[in-house]
Amino acid sequence: MKPFFVLICIAITSSIFAQKSVYNTSKGYIAKGYDVVSYFQQKAEKGNKKFTTTYDGVRFKFASKAHLEAFQKAPEKYIPQYGGYCAYAIGLKGDKVDINPKTFEIRDGKLYLFYNSWGVNTLDLWIEEGAEDLQKKADLNWSKIAEE
């Protein structure tokens with residue numbers, strides 16, 4: 001009886017604390033620990049461990065208490081598109097590619113993050129190859145990824 005009871009408790013606990021969506025949490029946080037609110041002020045700021053929260057099973061860091069409070073009032077506004085994976089890669093092929101948290105774009109009030117390393121800046125490619133079309137493709141690709 002005890003092992004069965006333990007398995008049921010684990011299953012219930014896992015479902016309670018499981019995240020509802022797919023997120024890129026490299027370094028243990030969304031956006032590698034950068035402050036998602038600061039992006040909307042056109043800054044890429046590292047978060048501070050003193051100002052953290054969990055939303056949808058994912059940890060977020062903020063540069064200030066004011067940013068933490070802004071996020072808590074309207075978290076959906078600040079969550080990066082495509083779970084914080086590279087928007088260009090999601091749009092191009094539906095690949096979940098890590099990002100450089102300093103490379104971002106705010107488009108239509110939404111946060112998009114991009115890979116930028118080894119001489120490849122996918123934000124530049126996103127713009128050059130047509131951000132609007134890539135965004136539409138990324139939305140379709142992401143809906144498939146989120147269902148997996």
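Predicted model: local features only at pLDDT ≥ 70, side-chain atom pairs only at ≥ 80, totals over all residues.

Visitor: Fine. How much space lies in the largest pocket?

Guide: About 190 Å³.

Visitor: Which residues lie nearest its centre?

Guide: Ile79, Pro80, Tyr82, Gly83 and Trp142. They belong to a lining of 13 residues.

Visitor: And how does the lining divide into nonpolar, polar and charged?

Guide: Seven residues are nonpolar, three are polar and three are charged.

Visitor: Where does the largest share of the lining come from?

Guide: From helix 6, residues 131-147. That helix gives three residues.

Visitor: Stay on helix 6. What's its reach, first C-alpha to last?

Guide: It spans 24 Å over 17 residues. That is close to the 24 Å expected at 1.5 Å a residue.

Visitor: Which of its residues are buried?

Guide: Ala131, Leu134, Gln135, Ala138, Asn141, Trp142 and Ile145. They sit on the same side of helix 6, because they cover an arc of only 135 degrees around the axis.

Visitor: What's exposed on the other side?

Guide: Glu132, Lys136, Leu140, Lys144 and Glu147.

Visitor: Switching to strands. In what sense do strand 3 and strand 4 pair?

Guide: Antiparallel, over five bridges. Strand 3 covers residues 100-107 and strand 4 covers 110-114.

Visitor: How many residues lie between them in the hairpin?

Guide: Two. Asp108, in the turn, has a positive phi of about 55 degrees.

How values were computed
Residues numbered from 1 in each chain as written. Heavy atoms only, no water. Pairing = 2+ DSSP bridges. Helix = DSSP H or I, 4+ residues; strand = E, 2+ residues; numbered from the N terminus. 1 Å grid on protein atoms, 1.4 Å probe; cavity = no way out; pocket = protein on both sides within 12 Å on 5 of 7 lines; lining within 4 Å. Points joined across faces, edges and corners; volume = space filled by probe spheres on them. Nonpolar A, V, L, I, M, F, W, Y, C, P; charged D, E, K, R; others polar. Expected span 1.5 Å × (residues − 1). Buried < 20%, exposed > 50% of the residue type's maximum accessible area, 1.4 Å probe, protein only. Arc of directions from axis to C-beta.
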